[in-house]
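Open the model in your viewer and keep the selection tool at hand. We will go from stop to stop, and each stop says what to select.

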Amino acid sequence: MKLDASIGLRRGALRIDAHLLAGAGETVALVGPNGAGKTSCLHALAGLVRLEHGNVRLGMRLFDDGSAANFIPPEERRLGVVFQDHRLFPAMSVLDNVAYGPRSRGIDKRIARATAQEWLERVGITKRDEKPVALSGGEAARVALARALAYEPDMLLLDEPLAAVDASARVTLESVLRSHLANFEGPRLLVAHDIGDAIALADRLIVLEAGCVIQSGTADELARRPLSNYVADLAGVNRFVGHCQGSIVTIGNAELTVVSPIDGDVVVTLHPRAVSLFPERPTGSPRNVFELRVLHIESLHDRHRVQLTGSLPLVAEVTTASVEALRLHEGRTIFAAIKATELVVSPH
Amino acid sequence: MTGHPHPPPRASLIAVIVACGLIGLPLLGLALRAPWPTILDQISRPEVLSALWLSIECSLAATALSFAIGLPLAVWMASETSRWNNVVRALVLLPMVLPPVVGGLALLLAFGRNGVFGQYLDAWFGIALPFSTAGVIVAETWVALPFFVLTAESGLRASDTRAADAAATLGAKPWRILTTITLPMIAPSLQAASILAWARALGEFGATITFAGNLESTTRTMPLAVYTALETSPEAAITLSFVLIAIAAAVLFVLRKRWFPTGRTAR
């Protein structure tokens, strides 16, 4: 069963025109800046928002083609939706929340509760008789996931599943999500504002900007060839627009030596991990050396992202050990070296 | 509800004093003239108890009817977008703005024994509403229903539809969403709607006396008893009034969260 949707609708000033594909057993992340229309796309797939044009198909079934006659309401689509704000039913116990989907399908109360109990155990929730208000953000997210899965949906839709969760709960939630996504047979589509969340969970990314799909591919493909500055920032990739002549690319006041030159205007991309930092000007092979100032140091899970400013604004990713060895701090001047072989040049 | 950050103009104090005097002084007058030493004897008189009992019976029945008719009506009005919505709304609101005595007269002409529809009720089913307890209940429902519908409808309109959306994605049909998600969520509104309707029914006078008459232990509810007692024993009228004031105070207490903004009083 495959999702094939071309979503055409307007939300205020935003015009969404996006083609989304997700195969069975594939996790696709819809990423993009705030207000790009990610959640609206998800709601259109769920049937909470109607299409103006385009169509939504899951397997052989047509859900919506913009006409009233072919619109299938959400209750008949059989989808598992995990909302960003979880939307647990406040008046019901956690167990009854999870049993709600099976009960809606007409399953006997006792059996539905037994099913719900199993799903709660699978996501590691023991507070079955309490009201949702007693749950932490991470627990609420896991209950919302269990509630969606207990409905035995044909497709999973998750809106920012990791967003409303604090750092300590994130690790548990991420592993719970990853294992349940892997075990789910239908298409899995998740909306993510944070590229880290998307890469952590998805096989493939679709980048949405201002209602349009800018690029899609694996995280590696996006990082290697980001088609917009947003994607480059998103993937943490350095992206420069310059002019190439011979083997030299001129970018503002800086010059980069490349090994695969293309004459004319080019886009040069560089992974932050390919930037090496030195306390003194390095001697020897690297030709692309820049004296830069540390603007900002951001700590990621196991490494640091160093934002540099100067003749060539660069982002470098280094290990925690090198941050200490280099005594990196904001305002420090250091030397950044780039191997010519790491620079990817493409025509602009 | 957040407090107003600006201090009110001083002149508004005059309005506060006038309003408090207008409403408070009559209550004070009533209290000063009340036959306090014999008030318990007055209340336990059989005609007082029968009026009280009849009032409670009829007002609760009218509330139940308002709930049964008003809730589906409010659900329809909150979601229906056709122009019929406005037609129905105007009709439902009418009893709220119409003098109750006019309503009573209209009820009499429609459902009276010789009324346009009442003659068939009598001939086919043997039902005679005027001058019966059932007539009191009909008259009270007539005036109370709009209060229920408006309060319940505004609760429905203000209710968060996000949980209902989630329920729909979990396969719940509209009826299941209404009963399992929406109604539990608007329970406080329904409680307020019921109490408002009940208080309105309890105080009903004009429509009741016109449609159902003033027959002791059949149609003479508390307000009618106050009116009747005024001519024979004013002390009894005052006592009956105090019972009604006590009930009104209880209504205010139950609905305190709705009508008294929190946070401001604590300062």
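**Stop 1: two helices in chain B**

Select helix 8 and helix 9 of chain B: their crossing is right-handed. A crossing gets that name if the near helix is turned clockwise from the far one by less than a right angle, and is left-handed if anticlockwise. The residues of this contact divide into 7 nonpolar, 2 polar and no charged. Here Ala, Val, Leu, Ile, Met, Phe, Trp, Tyr, Cys and Pro count as nonpolar, Asp, Glu, Lys and Arg as charged, and the others, Gly among them, as polar.

Now show side chains. A163(B), A164(B), A167(B) and A168(B) of helix 8 meet residues of helix 9, including I177(B) and M185(B). Residues are in contact if their C-beta atoms, placed from the backbone, lie within 7 Å.

**Before you go on**

This is a predicted model: local features need pLDDT of at least 70, side-chain atom pairs count only at pLDDT 80 or more, and totals for chains, interfaces and linings use all residues. Residues are numbered from 1 along each chain as its sequence is written, while chains are lettered from A and ligands numbered from 1 in the order in which they are written.

**Stop 2: the whole of chain B**

Zoom out. Chain B has 14 helices and 0 strands. Helices (H or I, at least four residues) and strands (E, at least two) are DSSP runs, numbered from the N terminus. The C-alpha trace spans about 65 × 65 × 30 Å along its principal axes. Of the 267 residues in chain B, 35% are buried. Buried means 20 or more other C-beta atoms within 10 Å of a residue's own, exposed means 12 or fewer, and partly exposed is in between, with C-beta atoms placed from the backbone.

**Stop 3: where the chains touch**

Show both chains. Here 17 residues of chain A are in contact with 14 residues of chain B. Which helix of chain A gives the most to this side? Select helix 2 of chain A, which supplies 3 residues. The side of chain A that touches chain B has 11 nonpolar, 2 polar and 4 charged residues.

**Stop 4: a sheet in chain A**

Two strands pair if DSSP finds at least two bridges between them.

Follow strand 17 of chain A. Strand 16 and strand 17 share 7 bridges, and L292(A) has G310(A) as its bridge partner. Strand 17 and strand 18 form a hairpin with 3 residues between them. There R305(A) is the bridge partner of E317(A).

**Last stop: one glycine**

Select G236(A), in the loop between helix 8 and strand 11 of chain A. Is G236(A) buried or partly exposed? G236(A) is partly exposed, because 19 other C-beta atoms lie within 10 Å. Beyond its neighbours within four places in sequence, G236(A) is in contact with P272(A), R305(A) and V315(A).

Notes. Contact = placed C-beta atoms within 7 Å.
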